[in-house]
Amino acid sequence: MFSFHVFDHQLARGFQNRFSTQYRCYSVSMLAGPNDRSDVEKGGKIIMPPSALDQLSRLNITYPMLFKLTNKNSDRMTHCGVLEFVADEGICYLPHWMMQNLLLEEGGLVQVESVNLMVATYSKFQPQSPDFLDITNPKAVLENALRNFACLTTGDVIAINYNEKIYELRVMETKPDKAVSIIECDMNVDFDAPLGYKEPERRPNHQDEPTEEETDPSSYADMDTGFRAFTGSGNRLDGKTKGIEPSPAPIAPSDIKRGIPNYDFKIGRITFIRNSRPQPKKIVDDDDAMNRFIAFSGQGQSLRKKGRKP
């Protein structure tokens, strides 16, 4: 009998530590008050009545407070945090995207239960529109937007606001569980291809082969000679024309010698060709071989004249 009372007491204590109740849910736009509560739409937290705070304070629950929302009519569920306890009794206010996930209408019943979730380590999102690719740094934008969220649930479609535009992202995967807490966590974020995105087709680059006229070396003689350096005439300060060389005659295009192009040239490859020409071999005659320079073969001269004695 004693053991039965102990078991009954522990069982009742376990039920007391769990918060579970039903509320009528409305969107944030229905919240009465002069203040604009658009910040609720930008996150994943709800507004609950003060009686919920009084009941939660009496229970031995863990912080931060996380809740499981269930629509029993459609068998849809999600998870969220709480922002404030200022709603009217029997009513809770949800973001519009959360009501869409739960398939709830204004004034519908939602079951709210307190839960404990594991800390997130990985999450994968799929943008619902290719417009999300226009964001320069999507990871930084998502990280800033997730600061207003308390948890993530696999399968939910969350909404973030950036540059006065709403982007929807589906939670494709979360680790280590299907519902995780993202408060003070180190989470790796990955993106899937946006819904309706198509990879751009890669067209092969067809290089135009040179025609016969372009490859003919004789055609280079018809090219414009262009600028020629040091072809002007000079003038003397005294006005005389003596010693002034006449201007050189213009060079005809046929006199210009063009090099032969490298027909094996490939785009992206640089070839360094050194201008080294073989020296012509000199024909050495036998007489020239005899007259080659021989070191120390000259004759000496004496300062004294021959035939005079000192």
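This is a predicted model: local features need pLDDT of at least 70, side-chain atom pairs count only at pLDDT 80 or more; totals for chains, interfaces and linings use all residues.
Strand S6, spanning residues 108-115, is mostly covered, with seven of its eight residues buried. Strand S1 pairs with S6 in the antiparallel sense over six bridges, and within this pairing Thr21 has Val112 of S6 as its bridge partner. Strand S3, made up of residues 66-71, also pairs with S6 in the antiparallel sense, here over five bridges, and Phe67 has Ser114 of S6 as its bridge partner.

Ser27 belongs to strand S1, which covers residues 20-27. Because its relative accessibility is 6%, Ser27 counts as buried. The side chain of Ser27 makes a polar contact with the side chain of Ser29 at 3.0 Å, and, when neighbours within four places in sequence are left aside, Ser27 is in contact with Tyr93, Leu94, Met99 and Glu106.

The structure holds zero disulfides. The sulfur of Cys80 has its closest cysteine sulfur in Cys151, and because the two are 6.2 Å apart, they are too far from each other for a bond; a disulfide would require the sulfur atoms to lie within 2.5 Å. Cys151 is accordingly in no disulfide, with the sulfur of Cys80 as its nearest cysteine sulfur. Both cysteines are listed below together with Ser27, with the relative accessibility of each residue.

| Residue | Relative accessibility | Class |
|---|---|---|
| Ser27 | 6% | buried |
| Cys80 | 0% | buried |
| Cys151 | 5% | buried |

Note on methods:
Residues are numbered from 1 along each chain as its sequence is written. Side-chain values use heavy atoms; hydrogens and water are left out. Helices (H or I, at least four residues) and strands (E, at least two) are DSSP runs, numbered from the N terminus. Buried means under 20% relative accessible area, exposed over 50%, partly exposed in between (1.4 Å probe, protein chains only). A polar contact is a pair of N or O atoms within 3.5 Å; within protein, one must be able to donate a hydrogen and the other to accept it, and residues adjacent in sequence count only if both atoms are side-chain atoms. Contact means heavy atoms within 4.5 Å. Two strands pair if DSSP finds at least two bridges between them.
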